[in-house]
Amino acid sequence: MSRKEKREMEEKTRKVKEPKGTFQKFVKLVKLVLFITMLVFTFLVSDKIANFIINLGIERLTRIVNMILITVLTGIYFYKK
């Protein structure tokens with residue numbers, strides 16, 4: 001098989017990029033709206049979460065932190081590439 005034939009075969013097998021349609025633009029717009037909504041939501045809820053954490057007892061806080069650390073460490077341990 002000559003180089004020209006190989007090149008022609010590669011061009012045929014290459015994936016042709018489709019032009020971006022309205023659906024992909026819509027998905028990008030929805031992602032942007034969700035991102036902005038989450039930013040606003042965090043600003044509104046952060047005061048309530050801070051007050052909740054301040055009012056908790058030290059034992060409950062240590063248990064919560066302990067559960068979070070155990071969950072993260074087991075996730076790291078069982079993570080497969």
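**Close-up views of a predicted model**

Arg7 is partly exposed, because its relative accessibility is 48% (buried means under 20% relative accessible area, exposed over 50%, partly exposed in between, with a 1.4 Å probe and protein chains only). This is a predicted model, in which local features need pLDDT of at least 70, side-chain atom pairs count only at pLDDT 80 or more, and totals for chains, interfaces and linings use all residues. Residues are numbered from 1 along each chain as its sequence is written, and side-chain values use heavy atoms, with hydrogens and water left out.

**View 1. A positive patch includes Arg7.** Arg3, Lys4, Lys6 and Arg7 gather on the surface. Patch residues have over 30% relative accessible area and no salt bridge; like charges are joined within 9 Å, nonpolar side chains (Val, Leu, Ile, Met, Phe, Trp, Tyr) within 5 Å. A salt bridge is a side-chain nitrogen of Lys or Arg within 4 Å of a carboxyl oxygen of Asp or Glu. Arg7 sits in helix 1 (helices are DSSP runs of H or I, at least four residues, numbered from the N terminus).

**View 2. Glu5 belongs to a negative patch.** Glu5 lies in helix 1, residues 3–13. Glu5 is partly exposed, because its relative accessibility is 41%.

**View 3. Phe43 is part of a nonpolar surface patch.** Phe43 is in helix 2, residues 22–55. With a relative accessible area of 63%, Phe43 is exposed.

**View 4. The structure holds one aromatic pair.** Tyr77 and Phe78 have ring centres 4.9 Å apart and planes at 80°, so the pair is edge-to-face. Rings of Phe, Tyr and Trp (its six-membered ring) pair if their centres lie within 6.5 Å; planes under 30 degrees apart count as stacked, over 60 as edge-to-face and the rest as tilted. Tyr77 is exposed at 67% relative accessibility. Phe78 is exposed, with a relative accessible area of 59%.

Notes
Accessible areas come from the Shrake-Rupley method with a 1.4 Å probe; for residues, only the protein chains shown count as cover. Lys and Arg count as positive and Asp and Glu as negative; His and the chain ends are not counted. The place of a charge is taken as NZ of Lys, CZ of Arg, CG of Asp or CD of Glu. Helices (H or I, at least four residues) and strands (E, at least two) are DSSP runs, numbered from the N terminus.
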